[in-house]
Amino acid sequence: MWDDSFPSFLIGLREGLEAGLVVSVLVATLVRAGARSRLAQVWTGVLAAIALSMSFGAVLTFTAASLSTPAQEAFGGALSIVAVAFVTAMVFWMRRSARGLASEIREKVTEALTMGAGVLILTSFLAVGREGLETALFLWTTARAADESAGPLAGAGVGLALAALLCWGLYRRVLRIDLTRFFTVTGAVLVVIAAGVLGYGLRDLQEGGVLPGGAAFAFDLSGSVDAGSWYSTLLQGVLNLTPAMTWLQVAGYVGYLAVVMPLFVRGVRGVPGTRRTGPALSPADSRPDPTAGRAARRHRLLLPLAVVAVPAVLAALVVALAHPKPAAGQTVAVSETDCGQGFTAPKPGRQDFRMHNTGNQTSEVYLIDPASNAVYGEVEGLAPGTTRDLVATVAGGTYAWRCVPADGGAVTSQAVRVTGAAGAHAVLPVSERDLTAPLTAYKAYVNRGLSTLVAQTRRLGDDIRAGHLDTARADWLTAHRTYASLGAAYGTFEDFDQKINGRPDGLPGGVHDPGFTGFHRIEYGLWHGQSAAELKGPAQQLADNAAGLRKAFPHQDFDPADLPLRAHEILENTLQFELTGDTDQGSGTGLATADANLAGTRELLTVLRPLLTPRAPRLLPTVDADLTRLQRLLDSEHHGGRWTPVDRLDPEVKARIDGATGQLLEDLSPVPDLLEIRKSA
């Protein structure tokens, strides 16, 4: 979060200081002239500018959110380019004007004082409004690049607060700032930041289909660079440098710096080095204003309220009109014999289709691309005689309805063609047949693991019977890690899982309950001083249960639909149990078990990769980087065959491991939906 705040902090500080200087001079000049009664006009203009800037930010946010994904990318990329242009112009203007800024402002204020209230309001409005609009635009593009708004907003808030404090100090003659040097240093930094924003904007335009070369990468270091490390996060947040960049991004980044930075530096060298300070502003004594009448006070209140309310109302109208509501939809009749009656080519945009089942069977209904079977929207379990809405975004392409009754074959409607640019999001369906090969491969992996487990549990029992408890502790961990690496099969192990890896939670006798068996029962005994004689029975029971599972597993049912779910659930259990120490019965090996769970997740993703790659080509590189990051963190706590117990982890390391696991879980969360079995396939 905080790495994304620095660019916004710098913009907030610079823009806030520029606008604040104008307001400070306005206020000081009015006070010196004995015209305190006109201060309300200044603050009215300031409030109007702030309201306009916030409304502009709201319009950017909500109108972009209502666009399709490619349109959002194109919109964001275009505004990033505009933001770079604004920032570049601002940097050069401030470099040129900083030395004479105070005198220039005083001249404008003096002219405004000789004219009416409207001119004074307009002067303060324009001074703050210009900076506010630029700040809102840059903040929007920065937040979009960071994929979160908390950091950029926090940075801008701190920058604006510091700018206000500096301007107050100048007004009170507390501070004297060399404006030339300040704007030169911050300008050079902003040129580098703007180069990153330009690169990000070009990437957005590529992803939106506006510019070519989206798959032509100049480099891709995602496999070797830890995307979650502090240095990588800092570079991405501040400079928008990412582990993978296209040739166009690199060309834009380097080209911008090669052109703009020399021009900026050359201009700085041409500026005389005379030290200039901020405007010497101080309040002067003045006579109190005469008491205004009640009507005048009411008028002074109404004007600020109006200038704040008008931009907000206009912004709300723009958002409401720009936000596409589902078009008044078609009623589409479906049945087991006919599908898609009443379906005609819709207009592009969000559509609300009213699906009415006129048949006698419950049906699944899908809006598909008949060429690829990709699904744009679906209604599950549409009962006879019922009507349900299906909302989908329609763009250029071919569409048809596919109805799958509970008993009977699929029926597909005639296809219709929608003109316009492509861009509607669709998911390639997965059938049970598609999951056959991954399931077969995974079952073979589990069978091999169970064979290994049987041998390891027997060795563990032999250690205990021979009284070699130190050797038994090492062999216990080896066998337990083997079992943990088979995590995706937990749902098919049935009662064996509780017998082999059950915890004492909820048992009447806790760790002394006769129902507490398996790995954790032996772990408790080995690390709590129990004798070999006390552990012989539990060890033999564990070996017998492992052998029973090995024999039963080939005949157990394994629902193919469960396979994609396990990609997420294995690490959910890891975060909930192993990384909290909840399962630890004394061995302190929670991280070792987490490492085995991670190995099981890798194996699962390996067999699912052929299905995931065409459906989400960007997902797997991100997940692979997450896996590498978490693996490195776990490896760093494994020294000489010993793992750091979870309760002895450094708090910062613990937070990193939890954060890396949480990020991996978040990035894995689309897998179940992407690989959900759909009858439309």
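How many disulfides does the structure hold? The structure holds one, and it is taken up in point 2 below. The model under review is a predicted one.

1. Overall composition. The protein chain contains 20 helices and 13 strands. Of its 681 residues, 49% count as buried. Among contacts between residues at least 6 apart in sequence, 76% join residues at least 24 apart.

2. The disulfide. The bond is formed by Cys339 and Cys403, with their sulfur atoms 1.9 Å apart. The pair links distant parts of the chain, 64 residues apart: Cys339 belongs to strand E4 (residues 339–341) and Cys403 to strand E9 (residues 397–405). The torsion about the S-S bond is about 70 degrees, so the disulfide is right-handed. Cys339 has a relative accessibility of 4% and therefore counts as buried. Cys403, at 0% relative accessibility, also counts as buried.

3. Helices H11 and H12. Helix H11 (residues 436–465) packs against helix H12 (residues 469–484) at an angle of about 165 degrees, and the axes are 9 Å apart. Because of this angle, H11 is roughly antiparallel to H12. The contact draws on Gly449, Thr452, Leu453, Gln456, Thr457, Arg459, Leu460, Asp463 and Ile464 from H11, which face Leu469, Thr471, Ala472, Asp475, Trp476, Thr478, Ala479, Thr482 and Tyr483 from H12. By class, eight of the residues in this contact are nonpolar, seven are polar and three are charged. The handedness of the H11 and H12 crossing is left-handed.

4. Helices H18 and H19. The axes of helix H18 (residues 619–635) and helix H19 (residues 651–668) come within 9 Å and cross at roughly 160 degrees. H18 is therefore roughly antiparallel to H19. The crossing of these two helices is left-handed. On the H18 side, the residues in contact are Leu619, Thr622, Val623, Asp626, Leu627, Arg629, Leu630, Leu633 and Leu634. Their partners in H19 are Arg656, Ile657, Ala660, Thr661, Gln663, Leu664, Asp667 and Leu668. The contact of H18 with H19 comprises ten nonpolar, three polar and four charged residues.

5. Arg503. This residue is located in the loop between helix H13 (495–501) and helix H14 (519–526). Its relative accessible area is 27%, so Arg503 is partly exposed. Leaving aside residues up to four places away in sequence, Arg503 touches Gln498, Phe516, His520, Phe577, Asp582 and Thr583. Gly518 is 15 residues from Arg503 along the chain, and the C-alpha atoms of the two are separated by 8.7 Å.

6. Asn373. Most residues other than glycine have a negative phi. Asn373 sits in the loop between strand E6 (363–369) and strand E7 (374–382). With a relative accessibility of 23%, Asn373 counts as partly exposed, because the partly exposed class begins where the buried class, under 20% relative accessible area, ends.

Conventions
Residues numbered from 1 in each chain as written. Predicted model: local features only at pLDDT ≥ 70, side-chain atom pairs only at ≥ 80, totals over all residues. Heavy atoms only, no water. Axes fitted to C-alpha atoms, helices over the stretch in contact; angles between N-to-C directions. Helix = DSSP H or I, 4+ residues; strand = E, 2+ residues; numbered from the N terminus. Parallel < 35°, antiparallel > 145°, perpendicular 65-115°, else oblique. Left-handed = near helix turned anticlockwise from the far one by under 90°. Contact = heavy atoms within 4.5 Å. Nonpolar A, V, L, I, M, F, W, Y, C, P; charged D, E, K, R; others polar. Disulfide = S-S within 2.5 Å. Buried < 20%, exposed > 50% of the residue type's maximum accessible area, 1.4 Å probe, protein only.
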